[in-house]
Amino acid sequence: MWRRVASLSPLVSRSKPSKLSQEACTFKVWESFSSESHIPTPPKVTPFITFVLGGPGSGKGTQCAKIVEEFGFTHISAGDLLRREIASNSAYGSVILSTIREGKIVPSQVTVQLIRKEMESSDNDKFLIDGFPRSEENREAFEQIIGREPNVVLFFDCPEQEMVKRVLNRNQGRVDDNIDTIKKRLEIFDELNWPVINHYSKTRKLHKINAVGTVDDIFEKVRPIFAALSK
Ligand SMILES: Nc1ncnc2c1ncn2[C@@H]1O[C@H](COP(=O)(O)OP(=O)(O)OP(=O)(O)O)[C@@H](O)[C@H]1O
Ligand SMILES: Nc1ccn([C@@H]2O[C@H](COP(=O)(O)O)[C@@H](O)[C@H]2O)c(=O)n1
Ligand SMILES: [Mg+2]
């Protein structure tokens, strides 16, 4: 897959073939995730990868929808992929469900393999990977399994109080949108997110965005990042 579409040329490079799906999943409990893998048709272009970071309720999904609309990215939400696994009654659905209920992080191999499959089955070659990496372990697993680093990293920086308010008002029936799980998610976020942010802040890839304000106000800060890439 990953066929070139006309509007993408400034965002992608043809030079380096992706290493997607070359590595086997080694995490024993989850080995069937890797056994389902197949050798794909070699990709024609190197995908453009944006990681979208931020705490629970910081507005990652909301802003991704706007980036998709204006810049034609494919939105891959790690949380949505995990929820889809639960809904599909996959063998690991119940383990994923209890991990999400506890606000913890699902083993990286599982999440990365789901992301890999999603990227491989897409015709697009520019991706927003939302809610990933949540930890250094996530980040390293992506680099190891996908063989790529992101081109751009967005970090939606939002005060805790605002995030809690937004999540409690979200009303989408998510099992983790309750005060107990939110507290745990915030603790995990605080513990595991900052090393990832520190890692990317050493590069010129990180864009820290103040996520307080209206959805449109925030998108005004996001738009120039992608507009500059299209020039
Ligand atoms: N700037 C904003 N101001 C007020 N509410 C917002 C803003 N952005 C998003 N919201 C609302 O806050 C809630 C959380 O937003 P969203 O789902 O985009 O966050 P998220 O970062 O993807 O969270 P999670 O990590 O839990 O998936 C949603 O109900 C959304 O409509
Ligand atoms: N990289 C990730 C992303 C998510 N999870 C789990 O899913 C929950 C919901 O994620 P959202 O991005 O939709 O908020 C999250 O709290 C984690 O339990 C994960 O393990 N790894
Ligand atoms: Mg989200």
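This is a predicted model: local features need pLDDT of at least 70, side-chain atom pairs count only at pLDDT 80 or more; totals for chains, interfaces and linings use all residues.
Helices here are runs of at least four residues that DSSP labels H or I, numbered from the N terminus.

**Around the ligand**

Ligand 1 has 18 residues around it, and the ones that come nearest are Gly59, Lys60, Gly61, Thr62 and Arg166. What sort of residues make up the shell around ligand 1, by class? Eleven are polar, four are nonpolar and three are charged.

**The overall build**

Stepping back, the protein has nine helices and five strands. Follow the chain along its sequence and the pattern reads α-β-α-β-α-α-α-β-α-β-α-α-β-α. The protein has 231 residues, and 35% of them are buried. Take the contacts between residues at least 6 apart in sequence: 83% of these join residues at least 24 apart.

As for the inside, nonpolar side chains tend to be buried together in soluble globular proteins. In this model the largest nonpolar core has 43 residues, and Ile115, Leu128, Ile129 and Leu154 have the most contacts inside it. Leu154, for one, is in contact with Thr50, Val52, Leu53, His207, Ile209 and Val222, leaving aside its neighbours within four places in sequence.

**The annotated binding site**

An unreviewed UniProt entry places a "binding site" feature at Arg83, Lys104, Ile105, Val106, Gly131, Phe132, Pro133, Arg134, Arg174 and Arg185. Two of these positions, Phe132 and Pro133, are worth a look side by side. Phe132 lies in the loop between strand S3 (126-130) and helix H6 (136-146), and Pro133 has its place in the loop between S3 and H6 too.

Are Phe132 and Pro133 buried or exposed? Phe132 is buried because it has 26 C-beta neighbours inside 10 Å, and a residue needs 20 or more to count as buried. Pro133 is buried as well, because it has 28 such neighbours inside 10 Å.

The table lists their contacts, not counting residues up to four places away in sequence.

| Residue | C-beta neighbours inside 10 Å | In contact with |
|---|---|---|
| Phe132 | 26 | Phe51, Ala78, Thr111, Ile115 and Asn138 |
| Pro133 | 28 | Phe51, Asn138, Arg139, Phe142 and Val196 |

Phe51 and Asn138 turn up in both rows. Phe132 also touches Ile115, one of the residues with the most contacts inside the largest nonpolar core.

Terms used. Residues are numbered from 1 along each chain as its sequence is written. Chains are lettered from A and ligands numbered from 1 in the order in which they are written. UniProt positions are given in the numbering used here, feature names are shortened, and annotations may be inferred rather than shown by experiment. Helices (H or I, at least four residues) and strands (E, at least two) are DSSP runs, numbered from the N terminus. A residue is buried if 20 or more other C-beta atoms lie within 10 Å of its own, exposed if 12 or fewer, and partly exposed in between; C-beta atoms are placed from the backbone. Two residues are in contact if their C-beta atoms, placed from the backbone, lie within 7 Å. A residue is near a molecule or strand if its C-beta atom, placed from the backbone, lies within 6 Å of it. Ala, Val, Leu, Ile, Met, Phe, Trp, Tyr, Cys and Pro count as nonpolar, Asp, Glu, Lys and Arg as charged, and the others, Gly among them, as polar. A nonpolar core is a set of buried Ala, Val, Leu, Ile, Met, Phe, Trp, Tyr and Cys residues joined through C-beta atoms within 7 Å.
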